[in-house]
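Please read it with the sequence and the structure in view.

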Amino acid sequence: LTPAAAAEGFAMAAWAHQKGYTRAAAVFDTGSTSQGDAPAAIAGFKKLGGKIVANITLTPGQSSYQTEVSQVISAHPQVIFYTAPASTSATFFAELSQLGSILPTYVTEVAEEPNWINAVSGSIGASALSKNFVAFEPQTAPTTTGGWKSFDSALFASPQKVPSTSQYKDDPFTLT
């Protein structure tokens, strides 16, 4: 239903190259999706002439990522390739903001999930989020098709079964 994670990683590399970035930090969590994105982003960026100055793996659920943040800061990247869950991201970017500054960051579609947006904007501010983050939209089904209309109608017809329908309207996985 969605493009392979490697396609997303290559898209990160192409975007950064197109923007003129030559030094990137790769910061990915230990999740299985990240393990497809990271190698492609790194290989693609190198193939386009870029340099990966830090390659960091985050273990979700830690109370602090100061060690990893310090590694990113000391490597002096121009851009970050990134993916991690909401709570990990909120902690990581809050600490990055406190110890350095928020850099342009290319995040996988996890950054389009409402809980991720709320967590990160709550930790660094909505302005910093909108100014510095780009998310990859793998593919979105048109909301005018019969399939989408059926899904949408059924979703909103059963509020007792789906208590928070609004989260599905903007969720990239649901849209795909």
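Alanine 86 lies in helix 4; helices (H or I, at least four residues) and strands (E, at least two) are DSSP runs, numbered from the N terminus. With a relative accessibility of 13%, alanine 86 counts as buried, where buried means under 20% relative accessible area, exposed over 50%, and partly exposed in between (1.4 Å probe, protein chains only). Setting aside neighbours within four places in sequence, alanine 86 is in contact with Asn115, Trp116 and Ala119; contact means heavy atoms within 4.5 Å. Asparagine 115 is 29 residues from alanine 86 along the chain, and their C-alpha atoms are separated by 6.5 Å.

The model is a predicted one, in which local features need pLDDT of at least 70 and side-chain atom pairs count only at pLDDT 80 or more, while totals for chains, interfaces and linings use all residues. Residues are numbered from 1 along each chain as its sequence is written, and side-chain values use heavy atoms, with hydrogens and water left out.

**The chain as a whole**

The protein chain has nine helices and five strands. In sequence order they follow the pattern α-β-α-β-α-β-α-β-α-α-β-α-α-α. The chain has 176 residues, of which 44% count as buried. Among its contacts with a separation of 6 or more, 75% are between residues 24 or more positions apart.

**Helix 4 and its two partners**

Helix 4 covers residues 86-99, which is 14 residues. From first C-alpha to last it reaches 20 Å, close to the 20 Å expected at 1.5 Å a residue; the expected span is 1.5 Å times one less than the number of residues. Its buried residues are Ala86, Thr88, Ser89, Ala90, Phe92, Phe93, Ala94, Glu95 and Leu96. An α-helix has 3.6 residues a turn, so residues three or four places apart point the same way.

Axes are lines fitted to C-alpha atoms, for helices over the stretch in contact, and angles run from 0 to 180 degrees between N-to-C directions.

| Pair | Angle | Axis separation |
|---|---|---|
| Helix 3 (residues 66-75) and helix 4 | about 50° | 9 Å |
| Helix 4 and helix 5 (residues 114-124) | about 20° | 8 Å |

Helix 4 is therefore roughly parallel to helix 5. Angles under 35 degrees count as roughly parallel, over 145 as roughly antiparallel, 65 to 115 as roughly perpendicular and the rest as oblique. The crossing of helix 4 with helix 5 is right-handed; a crossing is right-handed if the near helix is turned clockwise from the far one by less than a right angle, and left-handed if anticlockwise. Helix 4 contributes Ala86, Ser89, Ala90, Phe93, Ala94 and Ser97 to this contact, and helix 5 contributes Asn115, Trp116, Ala119, Val120, Ser123 and Ile124. By class, the contact of helix 4 with helix 5 holds eight nonpolar, four polar and no charged residues. Ala, Val, Leu, Ile, Met, Phe, Trp, Tyr, Cys and Pro count as nonpolar, Asp, Glu, Lys and Arg as charged, and the others, Gly among them, as polar.

Helix 3 and helix 4 are oblique to each other, and their crossing is right-handed. On the helix 3 side, Gln66, Glu68, Val69, Ser70, Val72 and Ile73 meet Phe92, Glu95, Leu96 and Leu99 of helix 4. The residues of this contact divide into six nonpolar, two polar and two charged.

Serine 64 sits in the loop between strand 2 (51-58) and helix 3. Its relative accessibility is 32%, so serine 64 counts as partly exposed. Not counting residues up to four places away in sequence, serine 64 touches Thr91 and Glu95.

Alanine 75 belongs to helix 3 and is buried, with a relative accessible area of 12%. Beyond four places in sequence, alanine 75 touches Arg23, Val53 and Ala54.

Histidine 76 is in the loop between helix 3 and strand 3 (79-83). Histidine 76 is exposed, at 56% relative accessible area. The phi of histidine 76 is near 55°, a positive value in a residue other than glycine. Most residues other than glycine have a negative phi.

**Strand 4**

Tyrosine 106 is part of strand 4 (residues 105-107). With 5% relative accessibility, tyrosine 106 counts as buried. Methionine 12 is 94 residues from tyrosine 106 in sequence, and the two are 6.3 Å apart in space, C-alpha to C-alpha.
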